[in-house]
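Q: Hi! Could you walk me through this model, starting with how the helices pack?

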Amino acid sequence: MKFTDGYWLLREGVTAAYPAQVLDATAGEGTLTVHAPTQPVRHRGDLLKGPLVTVDCTAPMPDVIGVRVTHFDGGHPRSPRFTVAGADHEPVVAVSGSEATLTSGALSVRFGRGEEWTMDFLAGGRTLTGSGRKSMGFMETADGHHYVREQLRLDVGTSVYGLGERFGPLVKNGQSVDMWNADGGTSSEQSYKNIPFYLTDAGYGVFVDDPGRVSFEVASEQVSRVGFSIEGQQLQYYVIHGPTPKEILRKYTALTGRPALPPAWSFGLWLTTSFTTSYDEQTVTGFVEGMAERELPLSVFHFDCFWMREFNWCDFVWDPRVFPDPEGMLRRLKERGLRISLWINPYIAQRSPLFAEGKAGGYLLKRPDGSVWQWDLWQPGMALVDFTNPDARAWYAGKLEALLAMGVDCFKTDFGERVPTDVAYFDGSDPERMHNYYAFLYNRTVFDVLREHRGDAEAVVFARSASAGSQQFPVHWGGDCESTWVSMAESLRGGLSLGLSGFGFWSHDIGGFEGRPDPGLFKRWIAFGMLSSHSRLHGSSSYRAPWLFDEEAVDVLRAFTRLKHRLMPYLYQAAHQAHTDGVPVMRAMVLEFPDDPGCTHLERQYMLGGDLLVAPVLSPTGEVSYYVPDGTWTHFSTGEQVTGPRWVHETHGYLSVPLLVRPGAVVPVAAAGDRPDRVWADDMTLRVFRPADGERRTVRVPRPDGGAAVEVTVVRDGDALRAETTDASLPWGVEVVGGPSVRAAAGTGTVTIDLSGF
């Protein structure tokens, strides 16, 4: 939200009060409180008027500093609030005549006590950012609305990322971004997943601890500042020091929650009924058999909305006209080794039998007058489940438990963005703050049911809406994209932006959702989709079975699905890193190469884990341009080498895509490509790419069953490459790409390869 008219003036009707100088600073137990009048204090008469700005600083964990800016503190506490974790940490507070500081780990906040207001954040001997003259303030508009605003400086060349899943440019400089979840597709400035956290390449990130409509002006209202504001009397934010982007994400997700680890089977191929297509058990069986006949590995089959009767969404009852024997059908599908996913949403249509049940029980969201809130958009007369009511959560969860008992494995938790504000919540939550937070409660409710009945290792959803903290409940997908080349590119931007906002796992609709892709686009999207963390074939009014496009699409899907399955020991390592450190599986190039200016704006390529570079083909001609960072990289499939830093222009057939391996990488590859959840260490091959003398790499290969991981250490010492495993019970091998290789029988714990002449 913009309050100024250029540099000098305020917008018509806006009044502003800015801290002018520090009046006093008080050190508490791990806290620093600063009071600042909004006019210079020249004599006692200046102490008789307000406003007075109160700034409280805390430190929930090392390298993180919380700042709370308050005008009036007499209001009722507003809920909900994000859950922010803390650590056993005591910051250092010092107050002198010239400055007041609070230090947390390597990060300090310093208030100058001179004649002008200064608040700076410092680390590593330099100033990261700060709030100066006319930055922090209380703003009031002509209609009487009161806002608290902060503006933090941007240094020359600093780029800003994150703020959720956003489909415009990856670098947010120059953008105005409001945190307000909306069902707006992938081609607008709206977002299903608004996250009030931004990341910079200058050593810090900022999390605004408010689930409501936070308005960000990223180098827009003031081109050298990031501004953020909320309506109300108090603003809370945290500055997070890295120094690297990965470290910033690690600390941000330590504050707001780390992603759960999805089960290995969820990384395989998902096929759906699509949305408005006609389908019954015969249709589903035909798709499943068609995949098997063509030797196309399939892990999950998903039933979209019309598994339930029309106008009944949701009643959680199979439509008996098309699925007369759901238990038998699910049993038959599961006998084929498939997992089952069902579509759900948090809405109850008036025709659903659950509407009267929910109304009688007080489980539906109400208007202030006590009546049930309803409208006709999406489902006639639909209401929303009030997830602030514990009984409503239990009621909703009970409907899902019956489906799990039937054999369902997971749920696609669709919608949750169009949440009204003219309502009264059961627990008294503020409707404006609940608009975004609703997605968190909805997905947590479903995820908790899965955890309880399937166990932590098996819980997974396919979620569309999110708020800060929702990364704990993976997986998330990009929503309704069009079947076009530009929409494939915008989907990728959204996924990379979400990854820079603390989310570890992301997917998208292969081929696009709206419309029917032409065969060329569909085949290119397959390569991109199978080289994403999660992979789903899904459409709106047309099916996504590959043989409906052409036979080459079948070959492309088979090749890339098997490739992903063979890469699972590598990908599950990356999944574990997302789970333990908050670093996403799909990574914007700047996350891995923050010191390479060539990576700052890259948004058409990404790192899949830490060692694989992927550049999806986004043109019908097969042409693709991508940037290779420093070093000699190797094409995974061909062994061809490319030395960077430089741009590369190539033309690819449908069975190939730029997939390059980082210099010195050790990539574990499974022997079989038929499924994603085998025991990967059985006959695994470690592919070693251009190892430098003295280089040492340890590869941790998880077990999909949750057993002890296998660790293999690879060391090059002159002309000898030595590899040693912690589990010699299984056969394994080492391949130096472009050089020699060796196979080791079960019982062999160490192998050595002669690299003379290599």
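A: Happy to: helix 5 passes helix 6 in a right-handed crossing, the term for a near helix turned clockwise from the far one by less than a right angle, with left-handed for anticlockwise. Helices (H or I, at least four residues) and strands (E, at least two) are DSSP runs numbered from the N terminus. This is a predicted model, so local features need pLDDT of at least 70 and side-chain atom pairs count only at pLDDT 80 or more, while totals for chains, interfaces and linings use all residues. Residues are numbered from 1 along each chain as its sequence is written, and side-chain values use heavy atoms, with hydrogens and water left out.

Q: Which residues in helix 5 and helix 6 meet?
A: From helix 5, R393, Y396, A397, L400, E401 and L404 take part. They meet Y442, T445, V446, V449, L450, E452, H453 and R454 in helix 6. Contact means heavy atoms within 4.5 Å.

Q: Switching to strands: how many residues of strand 20 are buried?
A: Six of the seven residues in strand 20 (residues 225-231) are buried. Buried means under 20% relative accessible area, exposed over 50% and partly exposed in between, using a 1.4 Å probe and protein chains only.

Q: And in which sense does strand 20 pair with strand 14?
A: Antiparallel: strand 14 (residues 146-153) and strand 20 share seven bridges, and two strands pair if DSSP finds at least two bridges between them. L152 stands opposite V226 of strand 20 there. Strand 19 (residues 215-218) also runs antiparallel to strand 20, joined to it by four bridges, with F216 and F228 as bridge partners.

Q: What sits between strand 19 and strand 20?
A: Six residues, in a hairpin; A219 in the turn has a positive phi of about 50°.

Q: Which other residues have a positive phi?
A: Among them are S274, whose phi is near 70°, and W378, at about 85°.

Q: Where are the cis peptide bonds?
A: One joins S79 and P80, with omega about 5°; P80 is in the loop between strand 7 (64-70) and strand 8 (92-95). Another joins W313 and C314, with omega about 0°.

Q: What reaches the backbone oxygen of C314?
A: The side chain of S352 does, at 3.0 Å. S352 itself is buried, with 3% relative accessibility. Leaving aside neighbours within four places in sequence, S352 is in contact with F311, N312, C314 and D315.

Conventions
Polar contact = N/O pair within 3.5 Å; in protein donor to acceptor, adjacent residues only side chain to side chain.
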